[in-house]
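Here is a short report for a first look at this structure. Start with the view below, then read on.

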There are 2 protein chains.
Amino acid sequence: MTAPFAVVDVIRTKRDGGELTGAQIDWVIDAYTRGAVAEEQMSALLMAIFLRGMSDRELVRWTMAMINSGERMDLSGLARPTVDKHSTGGVGDKITLPLAPLVAACGAVVPQLSGRGLGHTGGTLDKLEAIPGWRATLTSEEYLRQLHEVGAVVCAAGAALAPADRKLYALRDVTGTVDSIPLIASSIMSKKIAEGASALVLDVKVGSGAFMKDVATARTLAEAMVALGTAQGMRTVALLTAMDTPLGRAVGHALEVAEALDVLAGGGPPDVVELTLALAREMLDAAGLVDVDPAKALADGRAMDTWRRMIAAQGGDPDARLPRASEVHTVTAARAGVVTSVDAYPVGIASWRLGAGRARKEDPVSATAGVVVRARPGDRVTVGAPLLELHTDDPDRIELALATLEGAVTIGDAAQTLPLIVERVG
Amino acid sequence: MTAPFAVVDVIRTKRDGGELTGAQIDWVIDAYTRGAVAEEQMSALLMAIFLRGMSDRELVRWTMAMINSGERMDLSGLARPTVDKHSTGGVGDKITLPLAPLVAACGAVVPQLSGRGLGHTGGTLDKLEAIPGWRATLTSEEYLRQLHEVGAVVCAAGAALAPADRKLYALRDVTGTVDSIPLIASSIMSKKIAEGASALVLDVKVGSGAFMKDVATARTLAEAMVALGTAQGMRTVALLTAMDTPLGRAVGHALEVAEALDVLAGGGPPDVVELTLALAREMLDAAGLVDVDPAKALADGRAMDTWRRMIAAQGGDPDARLPRASEVHTVTAARAGVVTSVDAYPVGIASWRLGAGRARKEDPVSATAGVVVRARPGDRVTVGAPLLELHTDDPDRIELALATLEGAVTIGDAAQTLPLIVERVG
């Protein structure tokens, strides 16, 4: 059979600023997934898309073609409304951990297929794997049963879901074509739409520790994703939230699980609680559960109960002691004053270097490595007061992490703290 | 050993419109040639170069890095001045065939490493292979001996010459990154500089049958190549020449050799003679042989003598009968008048479809296939007069070729013929 299109013609059209037809998009995504379009041809097309952009029409079709490259799950058999959440990734972003059981405890079903960390932000699956016994991989039957019985699942996406995205993501990573709004939007939304939830809340991070460094770019991405979800009949809203400072105090897998447990127990850092509740309200609203107050479910222990059942259903022991690093190095204040900033990006990189991150997707991660932010913006410190704790099982890594953290914490006379929730798109 | 650069950083720099450093360029070309930079990474970089361009400084360094990927020949041991010629490719462009022996007969040495045809223009090696016995491949010793004894060689470039270009050319062909001025200029000039001639005359084709469709683009390419050659101490000039109409009457390998023999015998179509002499004068001038008249060497048979020795030295029989196609189909005039245009591009495609061209570089070509232009612009024709002859050994191909030629020849009341030599750059 002859191919209906020559891939070079498709590349040239986009290269020269033209619009691809729906049939060209369907064909090129399918042919690439099957291996009939070569990696070097797709990477040339991706670079052309990066530099020329995509029209709204192209973006919708590209995303649909990626969904159609695999299975689309059907969750319509569940009695309760389904709602999912996705974060574009930030430093110390453990919000999914308290949020999924909290929303499930309030009456919605949260089917979350999640990923692993690449770069300076950690992956939710890596965090949960710090819990002894917990496993990320479920069969379809286990997945559906857990949704039915517990109401919340956080697990690894199977190979059948948007396989085109899996190939494209790996290719973009090595060809300098990651930071493109249409490519990011289609990658996230193809998986989220294929998951089959009827509503979605997006947490689009903005700031030094996020992929989007400024509000305008973050807003453009949020609008593109909201439009894609809405076009597919999924109620979709997005919150733009600050990622200049790490979320909460803990950065690193076991450290973040411990902090999530504090939140589920009714405590935890105020910013983590605030964002968890804000996202929970959006999710419940999108699910049509407008009269439920998530703050109550957090306070009365229902969210913690659901967490325990969610962890246990995936083999984890909710009562197990979390692993702790053998080495802790403390960075202290050289002067007295008020902490004016704790820069999320170097803290993320330091955690990565201490062992929490991976350079290639095959690499293992350390569950115990990470950074604890002892003094947050606005905190008053004296000389010698602890600012950051570096946790690792490999003392050789401390020096490199310290080099990264040079200048990450600044101390002045007064701090100006920015709002956590910047904007709502939807 | 750790690579001194991350290829993704190099791609990102060019993607974002920055300038690559000399060290980055040297590294990426070398690493790609060695296979340490993957095809999909280089194709992303090529697309970024296509869309962002290259500075003059980048282009010089990129070309040098391609030369340094292989051997650079040393022709300084030859007693006579060396001068080469390169054409960017046109329909019916057999000029090298009479030109190389003519310039050698006038006292210069012409070392021409040539290529095969891809797309609608034929390759010089394919044309010469229509001569029974002639072979394109020579050892280094045979090559140097022939330069010394005959003064002219047209043969295949060895694998040792600019191997980076060989890989890049194949990659550009399948990734929509061919028509980029810096990529074309560096590809041509890396090979020509590595060949070691001390002077070079470029024939930059412009018009429907050429890769450059307009004079401005052709001039930009010519200027870039002249600057690259000059920077390497090679006397370099370029002629921009018309390629709206096929050169001469013959298009196709054996047909073009026959026409070249007519020119060497003192006859041949006026435009082929004019361009051959113009390029010969430029080459002799660049070689410092200013007092020699190539028209005389063509008229008195010295060019033909050198041709015969050049062909014989590579195993060819200069007296052998050239092969002829078994089928000849004539396209005739539907009305009387003056031929106003013979469009080079469809004639080139028709010749290709009749068997003269190849779709992939492994494909064989037919020596006999091609098109003879019986009526050129300015010729007066009656109804039924022959316009084009289609030559092929495969009658099934005629219909497809005829479809291509629809509208290729136009007949009106008066023709306006354009100058063959448009401009000189040097």
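In chain A, Ile29(A), Tyr32(A) and Thr33(A) of helix H2(A) meet Pro163(A), Ala164(A), Lys167(A), Leu168(A) and Leu171(A) of helix H8(A). Contact means heavy atoms within 4.5 Å. By class, this contact has 6 nonpolar, 1 polar and 1 charged residues. Here Ala, Val, Leu, Ile, Met, Phe, Trp, Tyr, Cys and Pro count as nonpolar, Asp, Glu, Lys and Arg as charged, and the others, Gly among them, as polar.

H2 spans residues 22-34 of chain A and H8 spans residues 163-175 of chain A; their axes come within 9 Å and cross at roughly 80°. That makes H2(A) roughly perpendicular to H8(A), a label for angles of 65 to 115 degrees. The axes are lines fitted to C-alpha atoms over the stretch in contact, and angles run from 0 to 180 degrees between N-to-C directions. Helices (H or I, at least four residues) and strands (E, at least two) are DSSP runs, numbered from the N terminus.

## Basis of the model

This is a predicted model: local features need pLDDT of at least 70, side-chain atom pairs count only at pLDDT 80 or more, and totals for chains, interfaces and linings use all residues. Residues are numbered from 1 along each chain as its sequence is written, chains are lettered from A and ligands numbered from 1 in the order in which they are written, and side-chain values use heavy atoms, leaving out hydrogens and water.

## A buried histidine

His391(A) is found in strand E11 of chain A, residues 386-392. Its relative accessibility is 3%, so His391(A) counts as buried (under 20% relative accessible area, with a 1.4 Å probe and protein chains only).

Leaving out residues up to four places away in sequence, His391(A) touches several others, including Leu255(A), Arg324(A), Glu327(A) and Thr368(A).

## A loop serine in chain B

Ser366(B) lies in the loop between helix H15 (344-356) and strand E9 (370-373) of chain B. A polar contact of 3.3 Å joins its side chain to that of Thr368(B). Not counting residues up to four places away in sequence, Ser366(B) touches His253(B), Gly355(B), Ala356(B) and Asp393(B).

Note on methods: Angles under 35 degrees count as roughly parallel, over 145 as roughly antiparallel, 65 to 115 as roughly perpendicular and the rest as oblique. Buried means under 20% relative accessible area, exposed over 50%, partly exposed in between (1.4 Å probe, protein chains only). A polar contact is a pair of N or O atoms within 3.5 Å; within protein, one must be able to donate a hydrogen and the other to accept it, and residues adjacent in sequence count only if both atoms are side-chain atoms.
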